[in-house]
Amino acid sequence: HAIKSMLGQQPEIPFKSKINHDFTKKYNLHGILKAKYQHTDEGYLLVNIMHGQDSFMVNPFLEMNCWVSLPETKLSVAIGETVDTFPL
């Protein structure tokens, strides 16, 4: 948000998607997670947080099409919960 603000741009607005699996973060930090979303036949967006979230893991970059944002207060999410998703 800070860089966009300095450039006079509007902040990105996430869309909401449902997580397709349970996920637990390792740390009590704000997580910006590599993910991949897909559209269902019913018109929903489902998102999968990818394996390989460590900064040195680059393989997920080949398949990801979005980021999922989990605040520091949210240590885990259960299947079907809504999460903030930012497309690439």
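This is a predicted model: local features need pLDDT of at least 70, side-chain atom pairs count only at pLDDT 80 or more; totals for chains, interfaces and linings use all residues.
Residues are numbered from 1 along each chain as its sequence is written, and side-chain values use heavy atoms, without hydrogens and water. Local features require pLDDT of at least 70 and side-chain atom pairs count only at pLDDT 80 or more, while totals for chains, interfaces and linings use all residues.

Two strands are taken to pair if DSSP finds at least two bridges between them. Strand 3 (residues 31-39) and strand 5 (residues 66-70) run antiparallel and are joined by five bridges. Ile32 has Ser69 in strand 5 as its bridge partner.

Two aromatic pairs are found in a search of the whole structure. Rings of Phe, Tyr and Trp (its six-membered ring) pair if their centres lie within 6.5 Å; planes under 30 degrees apart count as stacked, over 60 as edge-to-face and the rest as tilted. The ring centres of Phe15 and Tyr37 are 5.3 Å apart and the planes stand at 75°, so this pair is edge-to-face. Because Phe15 lies in strand 1 (residues 15-19) and Tyr37 in strand 3, the pair ties together parts that are 22 residues apart in sequence. Phe61 and Trp67 also form an edge-to-face pair, with 6.2 Å centre to centre and 70° between the planes.

Phe61 is partly exposed, at 41% relative accessible area (buried means under 20%, exposed over 50%, partly exposed in between, with a 1.4 Å probe and protein chains only). Trp67 is partly exposed at 26%.

Key. Helices (H or I, at least four residues) and strands (E, at least two) are DSSP runs, numbered from the N terminus.
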